[in-house]
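Hello,

Here is the structure I promised to pass on to you. Please open it alongside this message, and my notes follow below.

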Amino acid sequence: MITLKVNGDNHTLDVPGEMPILWVIRDVLGLTGTKFGCGAAQCGACTVHLDGDGIRSCITPVSRAAGKEIVTIEGLNNHVGDSLRSAWAEVDVPQCGYCQSGQIMAASILLTENPAPNDQDIDRAMSGNICRCGTYQRIRAAIHLAAKS
């Protein structure tokens, strides 16, 4: 048994400690906003926050999250998250949309740590999140817009 705090709620779960967090949040808890991308921590589609740090949930064992708080895209309910979602819609960022939850989770860490990033800050912070549709210019514009709100 492992107790996890996900999006503010505690869950006691009977799952193997080596199970990736991604499968716990998607398959056990039914929070499907976080996506499976590459399965090798290379694309960022599975990005969630673990005690405020961005992690790749596809390779992180759930045992690492015991006693810590996981925040998924469904639980990103703060000023930064709201500003990013609003900016994403205003700039019309998503194309296929598959990577967008991971992109927003990474962007929220950036804006939390650096509320006024320049283009280089954004490119560096977002470099681990791949968008196969190539929406990088719109992602950058949305982050700048969110930073102003």
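What follows is a short tour of the sheet, the helices packed around it and a few loop residues.

First, the ground rules. This is a predicted model, so local features need pLDDT of at least 70 and side-chain atom pairs count only at pLDDT 80 or more, while totals for chains, interfaces and linings use all residues. Residues are numbered from 1 along each chain as its sequence is written, and side-chain values use heavy atoms, with hydrogens and water left out. Helices (H or I, at least four residues) and strands (E, at least two) are DSSP runs, numbered from the N terminus.

**The sheet**

Five strands make an open sheet with mixed pairing, in the order β2-β1-β5-β3-β4. Two strands pair if DSSP finds at least two bridges between them. The edge places go to β2 and β4; each has a single partner strand, so one side of each is left without a neighbour in the sheet. On average, neighbouring strands are turned by 35 degrees against each other, direction ignored. Contact here means heavy atoms within 4.5 Å.

**The helices**

Helix α3 (residues 100–113) also packs with helix α2 (residues 79–91), at an angle of about 130 degrees and with the axes 10 Å apart. Axes are lines fitted to C-alpha atoms, for helices over the stretch in contact, and angles run from 0 to 180 degrees between N-to-C directions. The two helices are therefore oblique to each other; angles under 35 degrees count as roughly parallel, over 145 as roughly antiparallel, 65 to 115 as roughly perpendicular and the rest as oblique. On the α2 side the contact is made by V80, L84, R85 and W88, and on the α3 side by Q100, Q103, I104, A107, S108, L111 and T112. By class, that gives six nonpolar, four polar and one charged residues. Ala, Val, Leu, Ile, Met, Phe, Trp, Tyr, Cys and Pro count as nonpolar, Asp, Glu, Lys and Arg as charged, and the others, Gly among them, as polar.

Helix α5 (residues 136–148) is another partner of α3, at about 45 degrees and with the axes 11 Å apart. That makes α3 oblique to α5. The residues in contact are Q103, A107, L110 and L111 of α3 with I139, I143, A146 and A147 of α5. Seven of these are nonpolar and one is polar, with no charged residues.

**Loop residues**

N7 has a positive phi of about 50 degrees although it is not a glycine, and its place is in the loop between β1 (2–6) and β2 (9–13). D51, in the loop between β3 (47–50) and β4 (53–56), likewise has a positive phi, near 50 degrees, without being a glycine. N7 counts as partly exposed at 22% relative accessibility, and D51 is partly exposed at 47%. For these words, buried means under 20% relative accessible area, exposed over 50% and partly exposed in between (1.4 Å probe, protein chains only).

Lastly, G67 is found in the loop between β4 and β5 and is exposed, with a relative accessible area of 80%.

Best wishes
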